[in-house]
Amino acid sequence: MRSIRFRLQVLAFLAVTVTIYFAYETYRGQKESRKIQAELAKIPGVKAVVQEALIGNANLTTYRKLQNLRREFIKDKRRVDGLGWVVQAYAAHEPVKLQLQAQAFLSSETQYQSQLQTKLENRLAETQRSAFIAFFTSLLGILSIVAFVDRKIMGPLEGISRRMMDFLVDRYSFNFSHPEASEIGDLQRTFNSLAQRVINTMDELKNLDQAKSEFLNIASHELRTPLTSIKGSLSLLGSGVMGSMDANSTRLIKIAESETDRLIRLINDLLDLAKIEAGKLPLECEWVSWDDVLRKTTESLMGLAHRASGTIDFTLEPGIEVYMDRDRIQQVLTNLISNAIKFSPLGGVVRIQTGRTRSGEIIVRVIDQGPGIDPEDQQLIFQKFRQATSVANPLVKGTGLGLTIVKALVEEHGGRIGVESEPGQGSTFWFTLPKWREMVDETKPRYARAA
């Protein structure tokens, strides 16, 4: 039987059985030794009574002592018979016979005492030997179990643990030897199977990642380039450079141009998201004036606000520099502000506020006057290809990737992002930037308004 559990149980059973046997032998030897010692302790008393019978005159007290010894104190038949002859001679008042019988009994008691002493010494030696064997067996059993556990369990487990650590750092190599038929061997075979499966999966993922990279390259070079040409051609047609067109043709060209722009944005968003998920979108961070970033972003969106008959109000923070990637944070602001404009009613106001959190981070809030977002949709909107829609809040054209990319970019900067909204009360999108510092220049105005 190759089971570690079975072998360990057999080893423990043998050790316990032998230990219990010799422990019992030790207990029995001690018990017999105490009996022998008690018997030895009686012999001087017996001799003293017989000596009293020899040197004293016959009296009832001594006779009763002799009778009591014969009936209760002495159990050995030979000794009882010997003492009986002494009692008869004492009762018959025969001094000579009493002398002979008493001397014979005392000599027999001395010999019996010597035998008991020898027996006691032998029994004590056997008891000590049994106790030593019991102790040695228990110690040997414990050491054997410890050695067995170390050799058959702990050692192989440490080997498997090392393989797991090597596997985690990509240094795993298979051992194609056959593990023994035991629980540890089963564990090792299971780990080898899992490791092989993981390696196969990793190879498949690498192939998929390579295919994904190839697709991104195709999308980047083979899709955006013709779309840019199509957009340019549509713009030329719409401008009248190629000749005048009627109103319907112009309207169709504008629709095509708008959809081309939307398709380009979708491709750009997909590429950005793929790079973020692959960890291949490095940030080029530097210390940048926050006012400068906010002002330029709002200026670029004034046309969109004007078409919606709305305004953008923003509060500047003079003297503040933020450690960030300027282009990416502008992308974050552009997405949040453009969404706020699209969801606000005609003539609505989008407010941008900059402040501090309790932990000292810069916090930026983009506040709109839109229909608001239901509580169950407030986390949904940060997922890929998801938008919050309802009867009161119909779907606005978009890729469904903007907020996902915004969230990823903010988190890449070490910040947080969220939304506060109630249906019918508008929405406040906020994000934080943890790294900032004070500037020396305090000459910039505190408030500005763009329409």
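The model is predicted: local features need pLDDT of at least 70, side-chain atom pairs count only at pLDDT 80 or more, and totals for chains, interfaces and linings use all residues. Residues are numbered from 1 along each chain as its sequence is written, and side-chain values use heavy atoms, with hydrogens and water left out. The secondary structure of the protein chain consists of 10 helices and 9 strands. Helices (H or I, at least four residues) and strands (E, at least two) are DSSP runs, numbered from the N terminus.

**The chain as a whole**

- Of the 451 residues in the protein chain, 37% are buried. Buried means under 20% relative accessible area, exposed means over 50%, and partly exposed lies in between (1.4 Å probe, protein chains only).
- The protein chain exposes about 27200 Å², and carbon and sulfur atoms supply 57% of that area. Accessible areas come from the Shrake-Rupley method with a 1.4 Å probe; for residues, only the protein chains shown count as cover.
- Among contacts in the protein chain with a separation of 6 or more, 73% are between residues 24 or more positions apart. Contact means heavy atoms within 4.5 Å.

- An open sheet of 3 strands has the order β1-β3-β8, and its pairing is antiparallel. β1 (286-289) and β8 (436-438) stand at the edges with a single partner strand each, so one side of each has no neighbour in the sheet. Two strands pair if DSSP finds at least two bridges between them.
- Neighbouring strands of this sheet are turned by 30° against each other on average, direction ignored. Axes are lines fitted to C-alpha atoms, for helices over the stretch in contact, and angles run from 0 to 180 degrees between N-to-C directions.
- β1 is joined by 4 bridges to β3 (residues 320-324), and the two run antiparallel. Val288 stands opposite Val322 in β3.
- Helix α7 (residues 290-300) packs on the sheet and touches β1 and β3. The direction of α7 makes about 65° with that of β1.

- β4 (residues 349-356) and β5 (residues 362-367) run antiparallel and are joined by 6 bridges. Ile352 stands opposite Val366 in β5.
- The hairpin of β4 and β5 has 5 residues between the strands, and Gly360 takes a positive phi near 95° there.
- β5 also pairs with β7 (residues 427-433), in the antiparallel sense, over 6 bridges. Along this pairing, Arg365 has Trp430 in β7 as its bridge partner, and Ile362 stands opposite Leu433 in β7.
- β6 (residues 417-421) runs antiparallel to β7 and is joined to β7 by 5 bridges. The bridge partner of Ser421 in β7 is Ser427.
- β6 and β7 form a hairpin with 5 residues between them, and Gly424 in the turn has a positive phi of about 85°.

**How β7 is enclosed**

- In β7, 7 of the 7 residues are buried, so the strand is largely enclosed by the rest of the structure.
- In a regular strand the side chains alternate between the two faces of the sheet. Ser427, Phe429, Phe431 and Leu433 point one way from β7, while Thr428, Trp430 and Thr432 point the other way, and all are buried.

**Gln353 in β4**

- Gln353 lies in strand β4 and is partly exposed, at 34% relative accessibility.
- Not counting residues up to four places away in sequence, Gln353 touches Ile363, Val364, Arg365 and Ile367.
- The C-alpha atoms of Gln353 and Phe314 are separated by 6.0 Å, although these residues are 39 residues apart along the chain.

**Aromatic rings**

- The count comes to 4 aromatic pairs. Rings of Phe, Tyr and Trp (its six-membered ring) pair if their centres lie within 6.5 Å; planes under 30 degrees apart count as stacked, over 60 as edge-to-face and the rest as tilted.
- The rings of Tyr21 and Phe22 have centres 5.1 Å apart and planes at 80°, so this pair is edge-to-face. Tyr21 is partly exposed at 48% relative accessible area, and Phe22 is partly exposed at 21%.
- The rings of Phe132 and Phe136 have centres 6.1 Å apart and planes at 15°, so this pair is stacked. The two residues are 4 residues apart in helix α4 (residues 95-168), which means about one helical turn separates Phe132 and Phe136.
- Phe132 is exposed, with a relative accessible area of 54%, whereas Phe136 is partly exposed at 44%.
- The charged end of Arg356 sits over the ring of Trp436, 4.5 Å from its centre. This label applies if NZ of Lys or CZ of Arg is within 6 Å of the ring centre and within 35 degrees of the ring normal.
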